[in-house]
Amino acid sequence: MLKPSEAQDRADSLISQAKTAGADAADAIYVCDAATQVSMRLGNLEDVERSEGEEIGLRVFVGKRSATVSSSDMDPQILSALVGRALDMAKEAPEDQYAGLAPEELILKDDPHPIDGDDGQDPQPEKLRELALEAEDAARAVEGVTNSEGGGASAGRSIVALATSHGFSGAYSTSGYSISASVIAGEGDGMERDYAYDSVRHFEDMESAQSVGREAGERAVSRLNPIDFESGAMSVVYDPRVGNSLLGHFTGAIAGSSIARKTSFLLEAMDTEVFSSDITIIDCPHRKRGLRSKAFDGEGLPTSKTKLIDNGRLTQWILESASARQLGLQPTGHASRGVGGSPGVSTTNLHMCNGAVSKADLIGDIKHGVYITELIGMGVNPVTGDYSRGAGGFLITNGEIGEPISEITIAGNLKDMFKSLIAADDLEYRFATNVPTLRTDSMTVAGG
């Protein structure tokens, strides 16, 4: 695996070749991933995988025409031919008045912000095997667990380098580690499955394998013997593990391409109260050891902490350069890309801030409602905000979480759901997108 500086040199070299060959502008991105994964099932080694691959992508501009090519072969002759092919393709492409690199005056010129994303560790497969076995054993030890889909542990490292023809060049590396377990409780037609996992940048930050496994086992057992219940309009409470999906629908609705194409249910929402005034949503690209921390975006622009929702009010779209030009705005440092195609947008370490009530108080006045721990399917209309998803979880009766429920449907409209959201005060930073326990009173629930 290359060092970040070597990866940066490779991207710089490809840009230089493209300029020499006649490109008016160009950018190149190099990505290398290496990972080891070990899987255990029923106490036996099931699989050991080791993967390592590198790719480089080149985007060239000839006037307002552009093309993107990529290769996983780093042979100099192959890359030289890649440049020629990209230019030939660009000359035949249709013109796009919004195409181009990010504005030169906005690119990152200072040293990248440190994110502490790589601990330099390289645990051996034997250590990963030990962790995977510990996780599965802990899950299987929970009374009521009858079978296992396995325990797993992985370790990996990624190198990313980006260079542009108008002066940006940068690279960074990140490490990543995970532990997981998935088990089955019950027998016959009454079997239920659940899982747990932990994912971190630094090996020392990982939860113990035993706690991950125990959580998986307890979750599976808690779902046994689901009951039928009365359908209707009622309060819905989202466990943080699934509540973060609501922020995914939100960020999709404020993405520049959705706004430019007029395909968002939040199209007219800028500077209005989208959530209640108690809700603040922040994107934190510089969080130390964050799962998606990065000092520059996919176009070489600096990243910065951003309040996307400030006391309920929508403050900005998330824009890459093409959609920003179309909307007459500036890009926001949220460009995201792979080695193929033009940049899109994404958030980094996104979270909804804590509310003012405990989880117990959040559900304490609910006479009849549901606590959701699982979501199924993707029944969301991004244009209208209509929302309908399969779900599972637990019944809430007189302020207490009680019997399990499964194969239900929860439905509403995201505009109404966002407005009515109430957040508890139990936020934890476990995922790339994090929320506290959330409650909405604007949904209809149909029993299975």
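Which residues are buried in H1?

## Helix H1

This is a predicted model. In H1, the buried residues are Ala7, Ala11, Leu14, Ile15 and Ala18. They share one side of H1, because they cover an arc of only 100° around the axis. The face turned away from that buried side carries Asp9 and Thr20, both exposed.

Helix H1 runs over residues 4-21. Its 18 residues should span 26 Å at 1.5 Å a residue. The end C-alpha atoms are 26 Å apart, so the span agrees with expectation.

What do the buried residues of H1 pack against? Their contacts are with strand E1 (25-41), E2, helix H2 (76-92) and strand E4 (145-164).

## Strand E1 and its partners

E1 is mostly covered. Of its 17 residues, 12 are buried. The hairpin of E1 and E2 has 2 residues between the strands. There, Leu42 takes a positive phi near 55°.

Asp27 stands opposite Thr164 in E4.

## The loop at Gly63

Gly63 sits in the loop between strand E2 (44-62) and strand E3 (65-71). Is Gly63 buried or partly exposed? Gly63 counts as partly exposed, because its relative accessibility is 47%. Gly63 and Glu95 are 32 residues apart in sequence. In space, their C-alpha atoms are 8.0 Å apart.

## Aromatic pairs

How many aromatic pairs are there? The count comes to 9 aromatic pairs. One of them joins Tyr177 and Phe203. Their ring centres are 5.3 Å apart, with 75° between the planes, and the pair is edge-to-face. Tyr177 lies in strand E5 (residues 169-185). Phe203 lies in the loop between strand E6 (192-200) and helix H4 (209-222). The pair therefore ties together parts that are 26 residues apart in sequence. The two residues have separate accessibility classes: Tyr177 is buried, with a relative accessible area of 2%, whereas Phe203 counts as partly exposed at 23%.

Phe250 and Phe418 form another aromatic pair, also edge-to-face. Here the distance is 6.3 Å centre to centre, and the angle between the planes is 85°. Phe250 belongs to helix H5 (residues 240-253) and Phe418 to helix H9 (residues 414-420), so the pair ties together parts that are 168 residues apart in sequence. Phe250 is buried, at a relative accessible area of 0%. Phe418 counts as buried as well, at 1%.

Which residues do ring pairs link into a cluster? The cluster consists of Phe250, Phe265, Phe275 and Phe418.

## A charge over a ring

Arg241 lies over the face of Tyr195. The distance from the ring centre is 4.3 Å.

## The five-stranded open sheet

An open sheet is formed by 5 strands in the order E10-E9-E8-E13-E18. The pairing in this sheet is mixed. Which strands stand at the edges? They are strand E10 (313-314) and strand E18 (433-434). Each has a single partner strand, so one side of each is left without a neighbour in the sheet.

Strand E8 (residues 281-283) and strand E9 (residues 306-310) run antiparallel, joined by 3 bridges. Ile282 has Lys307 in E9 as its bridge partner.

## Strand E14 between E7 and E15

E14 pairs with E7 and with E15. Strand E7 (residues 232-238) and strand E14 (residues 368-376) are parallel, over 4 bridges. Val236 stands opposite Val370 in E14.

In which sense does E14 pair with strand E15 (residues 386-397), parallel or antiparallel? The sense is antiparallel, over 8 bridges. Gly369 stands opposite Ile396 in E15.

Methods. Residues numbered from 1 in each chain as written. Predicted model: local features only at pLDDT ≥ 70, side-chain atom pairs only at ≥ 80, totals over all residues. Heavy atoms only, no water. Pairing = 2+ DSSP bridges. Buried < 20%, exposed > 50% of the residue type's maximum accessible area, 1.4 Å probe, protein only. Expected span 1.5 Å × (residues − 1). Arc of directions from axis to C-beta. Contact = heavy atoms within 4.5 Å. Phe/Tyr/Trp six-rings, centres within 6.5 Å; stacked < 30°, edge-to-face > 60°. Lys NZ or Arg CZ within 6 Å of the ring centre and 35° of its normal.
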